[in-house]
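Here is a short report for a first look at this structure. Keep the model open while you read.

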Amino acid sequence: MLNVQREVEVRRHLLEGLSEARVRADEIFSIVKPDFLYQRPIPERHRIIFYVGHLEAFDWNLLRDRILSLKVFHPELDQLFAFGIDPVDGGLPSDQPADWPALREVRQYVQEVRARIDQGLAALSRADWDSGPVGADFSGSTLLNVAIEHRLMHAETLAYMLHQLPITGKIGPSRKPELVSQAIAFEMIEIPAGQATLGLSRENEAAFGWDNEYDEHTVEVPAFGIDRYKVTNGQYLDFIDAGGYENRGLWSDADWSWKTTQGIHHPAFWRRDGDRWYCRTMFDEVPLPQHWPVYVSQAEAGAYARWTGKSLPTEAQWHRAAYGTPGGEERRFPWGTGTPNSRKGNFDFDHWDPTPVNAFPEGQSAFAVADLLGNGWEWTATPFQPFSGFRPFSFYPGYSANFFDGKHYVMKGASSRTAACMLRRSFRNWFQPHYQYVYAGFRCVSN
C-alpha cells in the first residue's frame, strides 16, 4: 500500500511540475509585445516565434509515440519547431519573419498539443509511468522529468534572449526593492586538499538526472585558493580601465581573434556613455551596479583571471569549494541540507536582475565561499566532456553527446532564472566560450 501511495504522489508531483513549468514559460513570453515576436535578438539563435512553438513540439515529439500512443495531427509544425540551433562554425541563420507561421496558427498548435498531452497523461497506465513501454530503457516518469526541466531551461535561456530585445519591445513588471548589502571584503579562501564527488549515482533510482550527470565518481583535489565572491562589475571595470581588452598577452589566440573580429571591448550587458558606464537590465538601463556580479563570456573571464595572475576553477575545484567541508564529508547544498529558499540565494525566478554578491550570507558553503547557487552561473576551465560510465539517453541521444566537441565549457551554480529543481549538486550546464549572453559570471582560483 505504501508503494502505491508513493507512486501516486510521484505522479501528482510530476503533473504539477509540468503545469508549473508551463506557467513559467508562458510568463516569459508574456513580457514580449506581439509585434516583436518575430525578431531575432541574438544572431546565433532562432527568432522568438520558434520558441513559442518549440516547447510544445518538444513535449509532443518526446511523449506522443513513446508512452501516449497519440496520432500525429500537424507533422509540418512538429518538424518545424523540433530543434534549436547552436552554430559553432560562425554560420548564422538567414530565415526571414515571413518564413514562419502566423502567431495565431502557432498558438492554436500549442493549445491543441497541450490538450492532447494532458488527456494522454490522464489515461497513462501505472506500468508506463513506472517502467515505460515493454522493452524500453526509460519510464514515463523519466520522460516527464525531461519535459519539465527542458521547459524550465528554456524559461531561463529565453530570458537571456529577451534581455537583448529592445526595452521598448517588452512589458515590464514593477521593480522589486533592491537588496541592500554591506561593504564587501574581497578575499581568497584557502581550500584544503580533499575529495570532490561529481555526478549522480545510478543506484539512486529516485533521483532524476540528465545523461551527462552520470556516473558518480570521486576526484582528489589538491589545496587551492578561491575568491570568496564572484567577480563584480566594479572589479571588472578595473580590468577594463587597465587596458585588459587591448592586452594581447591576456588572451588565447582563438579568444583574441574572436574579440578583434567581433569588435568586443566590454561585457555585452554594459554600455558606455562618455566616461560613464551603464548596465542594461531586463526592463531598464541603470548606472553600473558596482557590487553585482559581472556577466561575461568564458573568454573574457579567462582574460581577467590571467590579468590577476590566477585562473578559472576546474569543475572539481568548484565542487570542492561549494560542497566540501573541513571534516571531509560533502553537503547536498553549499549551506547544508535545507531546502532552497529566498534567503539562500538569487534563484528560482525570484528576481529578474542580479543582486550584490554578498546579499545572501545564509547561502555560503562550509568554507565560507559565498553566492555559489544563484545570481549567475560560473564559468569553469573544464571542457564539457562525458564522465566515465556515460550512456546517452536512447530517446534523446544528442542532448549531451552533440556538445562533447571541445568547444563547450562546463558552468556550475545557477542564475536568478534557474528553477529550484536544477540546483542539485550534480547538474552541469555548458556553453561555447565566446557566447556573451548567458547570465554567467566567474570567480578565480590560485593553485
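## Terms and basis

The model is predicted: local features need pLDDT of at least 70, side-chain atom pairs count only at pLDDT 80 or more, and totals for chains, interfaces and linings use all residues. Numbering starts from 1 along each chain as its sequence is written, and side-chain values use heavy atoms, with hydrogens and water left out.

## The second largest pocket

A pocket is an open set of points on a 1 Å grid over the protein atoms alone, with protein on both sides within 12 Å along at least five of seven lines; lining residues have an atom within 4 Å of a point. Volume is the space filled by probe spheres set on the points, which are joined across faces, edges and corners.

The second largest pocket has a volume of about 1,100 Å³. Its lining holds 39 residues, and His150, His154, Tyr396, Tyr399 and Phe403 lie nearest its centre. Two or more lining residues come from each of helix H2 (48–68), helix H6 (140–163), helix H11 (398–401) and E10. H6 gives the largest share, eight residues. By class, the lining has 22 nonpolar, 12 polar and five charged residues.

## An open sheet

Helices (H or I, at least four residues) and strands (E, at least two) are DSSP runs, numbered from the N terminus. Two strands pair if DSSP finds at least two bridges between them.

Four strands form an open sheet with mixed pairing, in the order E10-E9-E8-E11. E10 (429–431) and E11 (440–441) each have a single partner strand, so one side of each is left without a neighbour in the sheet. E9 (residues 409–412) and E10 run antiparallel, joined by three bridges. Met411 stands opposite Asn429 in E10.

## Cavities

A cavity is a set of grid points where a 1.4 Å probe fits but cannot get out. The count is two cavities of 30 Å³ or more.

The largest cavity holds about 110 Å³ of space. Of its 15 lining residues, Phe269, Cys279, Trp292, Tyr295 and Pro354 are the closest to its centre. The lining has nine nonpolar, four polar and two charged residues.

The second largest cavity has a volume of about 30 Å³. Its lining includes Trp318, Trp377, Lys412 and Arg424. Six nonpolar, one polar and three charged residues make up that lining.

How values were computed: Ala, Val, Leu, Ile, Met, Phe, Trp, Tyr, Cys and Pro count as nonpolar, Asp, Glu, Lys and Arg as charged, and the others, Gly among them, as polar.
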